[in-house]
Protein chains: 2
Amino acid sequence: MSKTFTAQNPASGQSFGPEITEWDQTQTNNAIKAADAVKSKLAQTDPTKRAALLNAIADSIEAQKDKLAETAHQETALPMPRLTGEVMRTVIQIRSFAALVKKGGHLLPVIDLADANFQPVARPDLRKTQQPLGVVAVFAASNFPLAFSVAGGDTASALAAGCPVVVKAHPSHPNTSQLVYEAVVSAIVAQGLPKELFAIVQGANPEITHWLAKAPEVTAIGFTGSGLVGKLLIKLAAEREVPIPVYAEMGSLNPVFFTPTALAEKADDLAKAAMDSALLGSGQFCTKPGIIIVPADSNGDKFITQVKEYVAAQKVGPLLNKGIATRFTDSTGKLAKSAGLTVISGTNNSDGFGVTPTIFVVDWADVKNHHDLLEEHFGPTSVIIRAPFDQFLTVAKAMEGQLTAALHAGATENVSELVNQLTQLAGRVIWNGFPTAVSVTAAQNHGGQWPASSTHTTSVGLDAIYRFVRPVVYQNFPDNQLPAQLQNANTYGIERVINGERSTKSI
Amino acid sequence: MSKTFTAQNPASGQSFGPEITEWDQTQTNNAIKAADAVKSKLAQTDPTKRAALLNAIADSIEAQKDKLAETAHQETALPMPRLTGEVMRTVIQIRSFAALVKKGGHLLPVIDLADANFQPVARPDLRKTQQPLGVVAVFAASNFPLAFSVAGGDTASALAAGCPVVVKAHPSHPNTSQLVYEAVVSAIVAQGLPKELFAIVQGANPEITHWLAKAPEVTAIGFTGSGLVGKLLIKLAAEREVPIPVYAEMGSLNPVFFTPTALAEKADDLAKAAMDSALLGSGQFCTKPGIIIVPADSNGDKFITQVKEYVAAQKVGPLLNKGIATRFTDSTGKLAKSAGLTVISGTNNSDGFGVTPTIFVVDWADVKNHHDLLEEHFGPTSVIIRAPFDQFLTVAKAMEGQLTAALHAGATENVSELVNQLTQLAGRVIWNGFPTAVSVTAAQNHGGQWPASSTHTTSVGLDAIYRFVRPVVYQNFPDNQLPAQLQNANTYGIERVINGERSTKSI
């Protein structure tokens with residue numbers, strides 16, 4: 001008999017909604033095989049058709065906007081405005097890939113025509129394009145029930161690349177996942193494509209992770225979640241007969257540095273803004289500022305005093321699920337007992353999976369006694385480190401890789417060495433700002449150094465698509481045997497690089 | 001006391017030249033640390049200066065052209081014209097990266113200006129560029145003493161990216177390696193940069209591989225060689241505290257398919273051309289056609305008859321070193337004893353590390369009994385598979401990943417399904433040609449599916465540079481705190497993408 005599970009409302013801690021059947025290994029493997037069997041149907045769509053598919057998916061999700069936000073609200077207890085915004089972010093992400101694909105941005109044709117005089121030897125006709133990898137397994141995140149979930153950035157970029165997708169839905173929001181799945185599949189079918197191109201696997205069974213990572217038809221993995229599961233996926237992927245890339249985004253401390261100059265005039269405002277960023281979404285963002293470095297001087301102390309005052313009145317929404325709430329309470333409880341730490345507590349939230357915001361303050365000299373402080377603690381907590389300003393570079397050098405790093409400094413302050421170190425550490429460096437809120441755009445990079453990310457790629461923004469394609473070059477092919485994007489005529493009308501020059505012309 | 005070794009001349013099997021000191025672990029680690037300590041000197045060179053450095057290195061190598069070819073000839077027994085050509089390929093490779101760097105092709109600035117009306121939320125100013133990873137360890141190949149060695153494609157692309165390089169010189173050509181090292185370093189010093197940016201580690205000790213792969217300062221590995229060592233490197237890199245990418249090119253069978261139509265008129269010519277490609281450089285190319293598939297019909301038989309006739313008179317140069325010669329003799333000797341195989345032998349070369357070219361013929365139905373046939377055998381050997389034409393797709397599907405795959409067919413023949421399968425298999429597909437000779441150009445792709453390559457990247461051609469950079473985005477930075485390529489003025493005058501449009505203008 002099949003096992004079932006239900007959603008839980010974090011605000012009450014109560015189960016609700018329909019019994020959802022856990023997928024078993026056979027179902028999972030069948031879905032992957034079915035996706036693989038039809039992959040060429042998607043791979044062979046031309047740019048117009050691929051873009052139309054993506055736009056249809058976006059429209060189909062947008063049509064369910066209110067129902068999706070409401071369902072996600074029940075399953076996550078995240079505020080409604082955040083969730084309606086997240087539906088729109090999801091939709092806009094997909095549309096931005098549609099726009100890229102329509103211009104041929106997934107194909108990137110590079111053509112070097114035959115050249116008998118090429119040095120050191122004659123050059124054949126070489127025409128390169130990108131082609132989709134094949135079935136992609138996506139692991140949905142707990143903390144973004146829409147934008148990093150069933151039809152989130154990983155799925156959008158993989159479909160845009162031309163890869164079928166099998167998503168492990170997050171068991172914290174199975175009903176939202178099912179609704180999004182239905183919206184996506186109805187759009188796929190309406191576009192005349194096989195529904196098997198997309199599937200979600202429901203269940204809380206940790207074996208699902210193994211089934212997906214080991215399936216021979218899976219060619220790449222997109223993952224957003226904990227380092228523990230991310231590292232397991234990397235290990236499983238490496239042990240395969242044919243290893244595959246794992247694009248894992250595994251969280252981050254996102255250090256924020258404040259120079260004495262930055263704090264001199266507005267320590268109070270910056271303290272509040274830092275806490276707003278740390279407690280946003282109950283501290284459940286991968287870009288949460290988990291480490292805040294202030295100078296060990298009167299300005300730093302003013303910042304800390306303001307944090308104490310401000311946080312005392314702060315109450316955050318319940319956490320996403322019982323496991324996250326329990327781990328938060330355990331880890332902050334353990335840290336609070338450590339010697340040398342100051343603990344700043346906010347207002348308790350005793351509803352459902354509610355917790356108490358907890359901020360720690362520690363001197364840099366004492367951090368070496370508390371290695372836990374330099375690890376990610378998911379939820380409404382952050383660590384303020386008091387460090388002499390001349391030690392900021394040392395602090396930065398002591399850190400592991402991060403998704404982001406922020407620096408508050410005076411516009412003409414000489415901080416180039418510190419900025420340079422932050423770029424060694426993180427994929428996004430922020431000036432006089434906070435890391436939460438990630439714009440989905442061409443220039444974005446949401447990925448950093450290990451252990452924040454497993455590769456030097458981004459999971460947000462247009463470049464995410466290039467994780468799921470690979471180059472193939474055609475040598476001396478007759479025009480009629482080439483894929484359309486490489487044929488002389490350029491029937492797609494897309495931009496190509498021909499003998500080193502960009503052009504939309506035919507050859 | 002330090003251990004020493006000497007070069008061997010494959011044509012005589014005799015040692016010659018100076019005693020070369022094996023590097024120990026301390027020397028190796030010191031070279032890596034020294035490279036890391038000065039990495040910013042290279043990273044901070046502007047495009048003009050970086051390009052000037054690369055051109056100076058190319059000039060310095062070219063100035064030694066004859067001496068390098070002569071030394072490499074003594075150490076490899078490869079023919080002089082091949083080696084003078086290889087010096088020029090090495091030089092041209094470096095110059096092509098100089099040209100790319102001068103245009104800012106290593107920086108790839110993408111700028112999205114702040115936009116208060118951006119959806120779903122206001123966009124900050126985001127300015128992305130690529131930055132070098134840090135010290136790169138390169139493992140030189142045995143079979144290209146210049147173009148895939150000390151200053152070969154991996155080194156050229158890593159230096160172009162702005163990464164210091166530590167090369168494990170191949171012990172089969174230590175004197176060539178030393179000469180190239182000196183040429184590179186003299187150019188680096190003449191450009192006013194620290195000589196520690198480049199180092200070679202000499203020695204045959206397998207521990208060197210471990211020292212390089214485990215050094216914390218090493219940020220990426222470029223490797224060309226056997227699957228055995230490539231997989232070891234991947235394992236070592238994954239076990240590090242901070243895992244790093246391994247760009248390994250591990251050889252390939254490079255299947256060549258002949259349709260009945262292709263053979264109908266010129267089976268004889270194609271048989272000779274196929275053997276010329278298989279025996280070129282004594283079969284010591286990673287692009288050697290190691291598997292040749294002919295139809296099990298009269299045309300295929302005509303091809304095989306011609307192979308027998310042609311190969312009998314073929315004598316090849318000695319192999320690169322004793323290990324390669326011994327493994328070749330052992331593996332072909334073992335295969336020759338298998339039932340169901342036809343063995344076609346060429347003319348024996350008994351000089352030094354000389355061997356006998358050995359071609360095998362087998363029916364597709366018997367291949368399953370000889371799994372060894374579908375593995376790479378380095379040296380002058382190839383396997384001709386007789387398969388019914390309607391089984392060609394099955395043959396292609398049974399193969400592991402390859403660097404290249406070639407198809408000889410009629411220009412209007414309907415072979416799209418087979419071509420599509422070959423693109424799933426390989427990174428370069430060739431029409432009516434052979435895989436040897438790899439043009440160094442923007443459209444090139446020298447990389448394929450596992451186990452031919454460890455990643456979906458190329459080790460030849462301009463895109464090789466992108467293996468050694470990573471994206472960093474600057475959010476809301478004051479203009480004066482940005483790297484030059486992202487500042488409004490565009491002082492480098494390079495192409496940038498600004499709000500989605502390519503431009504060389506200032507902002």
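Which residue of E17(B) does Arg428(A) stand opposite? It's Val473(B), and the views below come from a predicted model.

**View 1. Strand E16(A) meets strand E17(B).** Here E16(A) pairs with E17 of chain B, residues 469-475, running in the parallel sense over three bridges. Look for Arg428(A) with Val473(B) opposite.

**View 2. The side of chain A that touches chain B.** Each chain puts 52 residues into this contact, 52 from chain A and 52 from chain B. On chain A, the elements giving two or more residues include helix H5 (80-102), strand E4 (126-132) and helix H15 (416-425). The most comes from E17(A), with six residues. Sorted by class, this side of chain A has 28 nonpolar, 17 polar and seven charged residues.

View 3. Ile324(B), Ala325(B), Phe328(B) and Thr332(B) are the buried ones to pick out. They sit on the same side of H12(B), because they cover an arc of only 95 degrees around the axis. The buried residues pack against strands E13 (358-363) and E14 (381-387) of chain B.

**View 4. Around Val362(A).** Val362(A) belongs to strand E13 of chain A, residues 358-363. It counts as buried because 20 other C-beta atoms lie within 10 Å. Beyond its sequence neighbours within four places, its contacts include Gly340(A), Leu341(A), His370(A) and Ile385(A). Ile385(A) is 23 residues away in sequence, yet the C-alpha atoms of Val362(A) and Ile385(A) are 5.1 Å apart.

Note on methods. Residues are numbered from 1 along each chain as its sequence is written. Chains are lettered from A and ligands numbered from 1 in the order in which they are written. This is a predicted model: local features need pLDDT of at least 70, side-chain atom pairs count only at pLDDT 80 or more; totals for chains, interfaces and linings use all residues. Helices (H or I, at least four residues) and strands (E, at least two) are DSSP runs, numbered from the N terminus. A residue is buried if 20 or more other C-beta atoms lie within 10 Å of its own, exposed if 12 or fewer, and partly exposed in between; C-beta atoms are placed from the backbone. Two residues are in contact if their C-beta atoms, placed from the backbone, lie within 7 Å. The arc is that of the directions from the helix axis to the C-beta atoms. Ala, Val, Leu, Ile, Met, Phe, Trp, Tyr, Cys and Pro count as nonpolar, Asp, Glu, Lys and Arg as charged, and the others, Gly among them, as polar. Two strands pair if DSSP finds at least two bridges between them.
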